[in-house]
Structure formats: structure tokens, C-alpha cells
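Here is a friendly walk through one protein model, from the overall fold to a few local spots. Please keep the viewer open as you read.

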Amino acid sequence: MAFLCAAGSAEAASFADYVYQNAKTGNIAGIKNYLRRGYSIDAVSPNGYTALCFAVDNNDYRAYSRIRNLGADETHSCMRRVNPDNAADLAQRYDAVAANSGRTAFAGGSDDTMKYVAAGAAVAGAATAVALWADDDGGSSSGGGNPCGTGEEFVDGECRPIECPEGSHLVGNECVVDGECPTGQKMVDGQCVPIVCPPNTHLQGNLCVADGDVVVDNENDDDLYGIYSEEEDVFNLYSSPKYPDDEASIFLKNKGNGNVYGVYGFGNVYNSYVIGEYEGKQNPKKEGTGNITITDEGSGSVYGVFSRVDDVTELKEGYNARAFYQGTAIGNIDITHTGGGSTFGIFGDVRAYNARADYGGNAYGSITIRGDGNIYGLSGYSTATNAVSAFLGHNVTGVIDLYSKGNGDVYGMMISKDDIPGVGQPDTGQKLANWFAFNAYASGGGDNVEGTINIKNEGDGDVYGMYGGEQLFNAMSYGGQDEEGNPDGKAKGTINIANYGNGNVYGMYTPEAYDGAEGEQQPIIANNSDNGAQSVINLVNTGSGVTTGLRGGQRSHIENTGEININNLGDGTAVGIYGGAGSNILNRGKINIYRQAHTDAEDGTVHNPDGATGGTAYGIYAESGAQVINSGDITITGAEKGTGIYLEKGASLENTGNISFNGTSDAIVEDGSAVDIYGEGTNRASVDLNDMGGEIILGQGGRFFADALSGDMSVSEKTVMGSFGDEYVLSGSLQAENINDLNLKSKSAMFEANSQKNENGGYDVVLNRKDFDELLTDGEMAELLENNYADENGSAIFDSLKQAGTKADLQGASDNLFGKDVLPNFRREDALVYRSLSRQFNDNLFNRPDENYIGGYKHIDISTDSDGTLEGSDGEVHAAYGMLKGQAGNGLVYGMGASIANLKSDYDNGFSRKSNIFGLWMPLGYDFGNGTRWYSKLYAGYADGSYDRLTALGKFSSDFTEYQYGLSNEVRHSMNLGYGFTFEPLAELNFLGIYQDGYDEGNAEGALHSDSGNALSLEGGLGAYLTKEIKFSEDSRLGIQIGGVYYVEFMDPDDGTDISLNGLNGKYKLRNVSDDNRTVFSARVNYNYKDIMLYGNIEQEAGGSDALLIDAGMQYKF
């Protein structure tokens, strides 16, 4: 049972949460409704709290007292975990009030009191609150036969002062919650002022309700209103235990050209609103009917119900019928409009509903429109719903009947989606996540919901059963199953359209193009029959237009598990499902396109087709890039042209369903019907799959029928997943005599697809596994995988490898699973940071011998290309460093330095790592006095890092620690070339060791673990620098240096690190990669002003990873 649901989620809070939240707002009736059904007031949340403990934890006396009044246990074990001071204070206050009053005091409201009851997954899983205007007569009153004066009540034969509970005060005979207003008033700018109702309404409690029947005739061009409100929520019919009523009607006749409104309000607007019982009080008139009848001969627009808002962040709604607590609300809107203007049954600036019921209520909404302009049954800015039981309603029926004789467009339900932030989401400032429409929606609890849209169009405008928004659902049942396994709630959505004009017809259509932008949702169109839902679309077309059951825009998700029936009598085109470019199309239901006589449901006219065949028909039409999965039935008869499924070039198909096109004698027939037919034209004896332009995929259980099959056919990788077979046979897949020109290809690189003649005259498709040593270049990895496949270890690991489509993809997927694509990069990157800092210290040692105390900051951008199995990367380093040095008189130089570097890298495959590296440097050198200088630096470092690794099995993470040690040696000889130029040949011999303590990615299948390992590097280098210095003054000079060094690596980096993957037996040796024979070209610019130096440096490696380093920083001489 869902009590509170997050947006787009089925996760629910507990009954304890529900009790506390509703006790806070005073919805005691909602709580009692559940207590009567057997729920416990002491139910606990997942953390063991009762509602009373929640109230104590929040120091909420109002909720505490109400929950105690309902019998909550104040000694429950959770009381030992709450704030003891709060518990003692609240209990003392509660006991004192009860002792002084002699009864349970209750801060009552009146008919106006707005209660908010959690609505569960109210229409489309949105977190929504149900606004409930209900009788709340708990407050004291001297009405009726009370002989006492104001402020007193008659108790035990005498008049006693009315005592209001904590947090409320006495106004007349009413206890009013502090900060709120008494009955008949509202808060404006911090003051209580009288509520003033608009014309044709009167005040009931705090509600503005119609004055009985409203009858208005108008012949001028002014706008005409049955009820018009600029401020208050308004009701045509309102019926409750305190104010019972059974009927209210509005009759409007207009001959002018102004707009006409049955009920118009700035806020919530209701035609019929009925509460059957509340707080134990029964409504003697539990069934109430609101009628709005409009006849208009003018050219203006006509609205049955119009809900208007100025601030689109407000959640306001327009309703035809709304019911609570065993009440039955009936709403009838009947409009005849012959002036050519637009007509709306219900228009909501935010949301529009035909029929809605909650908590055992029943609602019946009927909208009938006859017009000759544009017609809209329901039009909502963000939401339109025909019939909905948002939270435990009972029977709900919404019927929309539209009849068009003009050339305007017709919409059964429309969402006019715009990108305005915050619609319907108070106080969030965020864009509304759901732009949705439901024909029928059931939330569970045994509710029965039915939404029907009937449209008859005799003009040439376009017709839409449901249009717009991001999510369109014909029917959805959200209630799960009852104890016997049956659906706990039923929803049936039916769309019937008869089009006798030449416009286009769409059962359900969302034109939205999804581009993946932040905050946007992928458009969804669903015509589903499952889990208690039943969806049916029936379309009839006698004209030349296009008739489509479901149509989605680019990259939309389109799903049919229900029925789509199209009677294409004319010469137009019929399409069961049409998917825009890049869409996902799933058909598990029935698509039936046929051509036969049709009898009009309204007037009985018989429409006959012009010939036995005609028009064009496509069961599914997919634009380029769309993906089609069909496991349903597609049956087409009477079409002159078309095909079961048509794919534009670049679309793909996986078929395991049955497809029949005309059943002609020249097609292969099985059991009287032609099945699995592809390609263009009527003749199906020979099929070239390449004529379809997209990829044809054979799935498990799929079959292709023809005399001859040719072209390219892929076999789905899903056919080999989930087990460890070496051979898979798809029996009877190719029912053809000739497949000589058919090219079979497995979509899994681990298998080879072949055909094999069977005894039934057709062919089986056989998939044979290839050995891993045929597929992988790494023999050690191939052997480990081969052994584990034979032992049937690591099902998820091998399923991920089976999805690789090519040998290269499989090699990449294997390298990725074992970390071979990125982990060896770590040593390279650490070495790049080490070398960059080493050269920074060398710049001071060789070029600034008189600067004995320096400190600086540098920023390095690192970019590496992919290298063999290694992914390329983009990284950056932020480093701070400092050094002090001293000189002996004999040319000896010595010193001490330190560095702190932060390294972050992002790799081409989505992998990322970060490290903090701390280093100590001990330089020692000698100046020979003839332009030759030598320096060595002893280095010790510590690195603390982590990484996130992405594989086909998910995201894996690990922390790691490194210990670094090194010794660099460099000798340079400086030669003055004159004109400020200096040439310096150099030689280097550098050693670096990195010890790593291993990786641990956790316990999930595919998680990697490694032993500790040591990586060593000894490289020698020869090169030279050319330097030019430009002196502007004694304090200002510019230095430019270019050069290059050629390095040779003398050692293998290591013997490898043993790694293992959870789910597989055995270990794999992961080896670091050395940068053999690389050249580093560099260019550096220094600008010195007094004691400050600014510099920029660029280095390009040729060979190895081809790393590019861009370095900039600042240095200060102390």
C-alpha cells in the first residue's frame, strides 16, 4: 500500500509517516478511515518510530495531542529513543488539558477547512497532495438548541465556558487555530478579512457555491459567464454532510461573438464536488450532479470549466466531477457551438480532470461537444486526465464525446506543454518533471476506472485522441496485486475515432523531440494492457489522410501491449505505430489494420470501402535510428501497398512476433495466414532483407518465411546469453527453400552463425562458440577466460562479453574488465608529475644559482593519446613547491625541497582517478666553474588516491596508496653564443620506483582485486636547450628556452601485478607499460620582475603515450 510516493518512484513511506503528516494538518478523518480498515495507530516506520514518536521528536504538540486522542500508546518502545525532555513536556501539557476540560478539546474549523491528504501515486506517480474541503465540526458551537450565551456550551445541564486547546483561541463559539481565521474569513496581508463571493454564488463555510440553477441568455458581444471569480475557488455543486445538495445546473445561451464560460475561476474550479461522509457524519445526499449546458452561435471561444492562474507555479485544477468518502459526484458538460470558434470542455491553466475519486468515492464525468471549429475535450497546461482514482477511489468513469462538422482540429485530450519553470510545483523553482495525460488511471485498493474518448469528425481537420506532453498513457493500473494475485485495481482506456474527412488521425501523439537536455524527460506513449490495465484504440478512416494508432517524436519511447485496430476504408495511409528518428518501439500487443464496411455508432450510416483493396498500410514504421522490438501480432488485410514493418535506412528490428500481410497466395502460408513478412510491395515469394535499409535481427523464437531469403541477417546476442553453451540452435528460424544469398552474422563476436538444413524443408540457425585464443591477443587472459567458461563461472561477466559485436569490441571489453585499459596509466601519470616537478627544481638549480629560497605554484594540463590497449586521458595537476639551498665555497651545492600535488584524470572510457602526492627533495650538486654543473636529487614521495572504473557490469571504485622513491641526475655544459643566446647540451640518468599497496573494489561480480606491486624505471637521456634572455632593466627580464631530450628506458617497469575478478577463478598478471625511446620537446617562457617569476611551459612527448603537458605558474625568491 503506497501512502506517500516520490515523483516517478514507487517507493512509499510508512503508515506511521502518513498518520503524523495528516495529524499535523488535521486530517483526522483520513486517519480514521484507515483505522477502520484495521491499520494500527501504533504502526512503525522502517526506523521503528510510531507517529507519536515522530511528533515527540519534532516537539509538535498539535500532532501529539491529536494522535493521543486516537488512542496511541505513549509508552511504546520507540519513546526510549526520542528526546526525553520533549516527551515529558508534551505528556504534561496533554494531561493538563484533558484534566481541566473534562473532555477531549478539539480545534475545529468549518466547511472551509483545507486538508491535505497524501495522494500516493496520484496520476503518473507524481507526489501530489489532495485538496479536501470537508466538514470538520469538532469545534465548540452554541448553535441549534444551545440555551447558553456566546462563548459557552451546554454540558451536563449547565452552561460552561468553552475551553479551547493549546494553540487555538475562541472567536464567538468557535475554537480557531492560532494564526488562522474563523469561518467566513481569510488571511490577507496578515489580517483576517471577510470572504466575498462572486455573483451567482453564496458563502458556505469558507466556500463559494452556486446559487441553485444559473440561467443566462445573451445576444450581445460581451463575454458571458455562468460563474466568474477573480479570487476564490468556486463550485457549481458542493455537497457534504454539513451542506447536502443533489443538483446544481448552469444553462447558458449565447448569440453574440464574445467568449462563453460555464464556470470561470482564478484557482480551483469544480462542476460537481461530493463528500459522502466525514468524521462519522453521513451525507443524506451522497449523490450529487453538476450540469453545465451551453448553446453558442457566436464566433468566440466556449469553455465549460476554466481554471485560471496568474502565477504558473501554483497547483490549480479544473474538475468536472470530484468525489470523496463514499460520495458520488456526477458532472455533465454539454456544449453545442456552431459559430466556428474554439470549444473546450475543461481548460486548466495547470491541470484538467474529467472525473476523479478518492477514499471510496465514485465519480462520473461526461463531456459532450458538438462544434464546427477547433474542439478540445480536456486541455491542461501540464496535465489532462479523463478518469482517475488517485488514492483508493471506487468507481470512476470519464466519457468524452466530440462531434465535429467543421474543418477545425479535434483533440480528445491535449497537453499544451511549454518550458516554464515551476509549473504545479510550489516553492521548488524547478521545471515540472511530468507533463502527462491519462485516459484511465487506477491506484489500487479495488478501484475500477474507465476512460473513453469518442470522436466523430466530418470535416478536414486533423484529429487526436490524446496529444502533447511528455507522457501519454491510455490506461495504467498502479495498485499491484491483491492477496489472491489478481490486479488490485482495474483501468480501461478506450479511444474511438471515426474520421469521415481528409485530415490526419492519431490515436495518441506526442510531437516532443527528446535531446537528452538536463531536466527533460524522454517522451513516453503507452497503450498497455497489463497489471490490471486494458488499452484499446479503434480508428476508422474513409478519407485520404494518414491514420496512426501511436505516433512519437524523435527519441521517444513507444509501447503497445494493448490493441490497435484501424479500419482504413479510403485511399489514405494507415500506420499502427510510427516512431520518430532514434525512437524505441516495443510491440507486445496486437495491431490489426483492415478494410471492411463500417456502421456509424451515432446515426447508423453504413460506410463501404471502395474496392476490396486500397490505401497503404504499415504495422510499424520506424524512422532512421529507431529500434523496433516486435513480439506481438501484426495483421494487415485489404491494403494495396505497404508492409508489416517498414524500416528507414539505419533503423533496426528484432522480431519474435507474427506478421501477416494480406495472406496472398504467392506468400508462404502457415495455418491459413502469412507470417513474418518483410519488404515492400505485395508479392512476398522472394525477400531481400537489404531492401529494408535497416538492420534485420533474428531473435529467440523468431522465424522468417519466404521461398527465397537473401541479404544480411544478424542473430541477436541475446540468444546466447544466460548460459554457458558452446552451441545454440534456433530451430526452424528460416522457413525458405533458397538461402544461398543470405548472409548470416552473429551479433556476438564470441559466436559464429551458420545455417543448417532441417528435416522440415527449412533451415535452423546454429551458433558455435569460438575459442578465446582465437579472439584475444593476450594469451594469458584468453586462457583464464576459457577455463572459467568451461567451469561455468561468472555468468554476468560472460554475458557482458557476449554483447561485444566485433573481435575488437571483445578485446576492448576484456581489457576493460581486467583494468588493462586504464590501471597501467597510473604509473605513467605519476612519472609525468614527478618529472615536471623535477625539471622545475632543475630550472632553479641550473639557471638561478643565486636564488637560495624559492616557493611557487604550478598548474599542469596533461593530455595523452590512446596507446595500444590503454585509453587516452585528460588530466590536470595543481602543485605547490618550495626549496632552499646553500653553497659551500668549493662549488658544492646542497638543499632541501618539498612539493604537494593534486592530480585528477578523466579517461576516454569514463574512468576517473585522483591522487594527492606529497614529496620531499634533497638536491646535491657541484659547479665545476667552467660552465659545467652537475646536480642529483634524492626523492621520497607518498600518494593517497582513489578511482572510479566503469565496465559493462557497472561502476567499481577503490582507494589506493603509493610510496615513491627516486634519484635524478643531470649534467649540463653552458656555452655563451653571444647576443644573449646560451646553448646547453645535457645528459640525464634518472631512477624512479613506485610501490603500490593494491586495489580492492568490493564483493560484486566483476570487482577487481590486486596484490601489492612495485614498478621501476631507469632511463637515460641526451639533449640540449637553447636559451635567449632579454633584459629590460635591472628588475625586469624575459627568458625564452627551447629544447629536446631523447630518453631510453633500460628496465622493464615490473614483473606484473596479480589481479583477480570476483566470479572467476585464477589470477591475471597486469603489467605496467614502459615509455621506451621517447623524445620530449619543450618550449618555456620566463618573465622575472624583481623577486617574482611568471612562467609558461609546453612539452610534447613523441613516442609512448604522446603526452602533451601545458604548465604555467608563479615562483617567488625569498
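## Overall build

The protein chain has eleven helices and 77 strands, where helices (H or I, at least four residues) and strands (E, at least two) are DSSP runs numbered from the N terminus. This is a predicted model, in which local features need pLDDT of at least 70, side-chain atom pairs count only at pLDDT 80 or more, and totals for chains, interfaces and linings use all residues. Residues are numbered from 1 along each chain as its sequence is written, and side-chain values use heavy atoms, with hydrogens and water left out.

Of the 1118 residues in the protein chain, 55% are buried (under 20% relative accessible area; exposed is over 50%, partly exposed in between; 1.4 Å probe, protein chains only). Among contacts (heavy atoms within 4.5 Å) between residues at least 6 apart in sequence, 71% join residues at least 24 apart.

## Helix 10 and its cover

In helix 10 (residues 807-817), the buried residues are L810, Q811, S814, D815, N816 and L817. After the helix comes G819, with a positive phi near 75°. The elements below are among those covering the buried residues of helix 10.

| Covering element | Residues |
|---|---|
| Helix 7 | 772-775 |
| Helix 8 | 779-790 |
| Helix 9 | 795-802 |
| Strand 66 | 932-951 |
| Strand 70 | 1008-1010 |
| Strand 73 | 1057-1061 |

## A closer look at D861

Where is D861 found? D861 sits in strand 62 (residues 853-864). D861 is partly exposed, because its relative accessible area is 32%.
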